[in-house]
Amino acid sequence: MELFKYKNADPKTLNSLALAFIGDTIFDLLTRGMILAEGNTPVNVMHKKAKAIVNASSQSQMYYAIENILTEEELGVLKRGRNAKSHTSAKNQSITDYRRATGIEALFGYLYLKGEFERIEELYSIGLAARGKNNEKTRQQTQ
């Protein structure tokens, strides 16, 4: 088996929750890699940074940041992921944020299985930058 090549996993035939299953891991791996690249930091600090990004609320903000720049195909995957009927929900998160987050994860899973790694990184970076701007606006409004 070649690492990272899944010959039997055709992203066009998988349901949205299956795509979100792998996409969740891809999103988490990108986040942890980015945090690790910032330099050697105590693990508990890195974990707190990751938790601030890998959650439904943060991913929901990213959803809005990237939805207008997606191709028609990508937008279809994002919306199918958002509309998928999951039997679980996030703790301490709204159901709408949780569904948008599932859409993001489904999109990342889809792109990953298609081998579109640069596109994943591009969308992640755009979403992360927008998330940072939204958090800065919130901080300024509460001061």
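Glu-105 is found in helix 5, residues 95-114, where helices are DSSP runs of H or I of at least four residues, numbered from the N terminus. The model is predicted, so local features need pLDDT of at least 70 and side-chain atom pairs count only at pLDDT 80 or more, while totals for chains, interfaces and linings use all residues. Residues are numbered from 1 along each chain as its sequence is written, and side-chain values use heavy atoms, with hydrogens and water left out.

Glu-105 is buried yet has no salt bridge. Buried means under 20% relative accessible area, exposed over 50%, and partly exposed in between, with a 1.4 Å probe and protein chains only. A salt bridge is a side-chain nitrogen of Lys or Arg within 4 Å of a carboxyl oxygen of Asp or Glu. For Glu-105, the nearest side chain of opposite charge, Arg-32, is 12 Å away.

Tyr-112 is also in helix 5 and is buried, at 8% relative accessible area.

I turn now to the salt bridges, of which the count is seven. Lys-114 pairs with Glu-73, the closest N and O atoms being 3.1 Å apart. Because Lys-114 lies in helix 5 and Glu-73 in helix 4, residues 72-83, the pair ties together parts 41 residues apart in sequence. Lys-114 is partly exposed at 34%, and Glu-73 is partly exposed at 35%. Glu-73, Lys-114 and Glu-116 are linked in a network of salt bridges.

Finally, Arg-119 forms a salt bridge with Glu-122, with closest N and O atoms 3.0 Å apart. Both residues lie in helix 6, residues 117-142, three residues apart.

Methods
Helices (H or I, at least four residues) and strands (E, at least two) are DSSP runs, numbered from the N terminus. Lys and Arg count as positive and Asp and Glu as negative; His and the chain ends are not counted.
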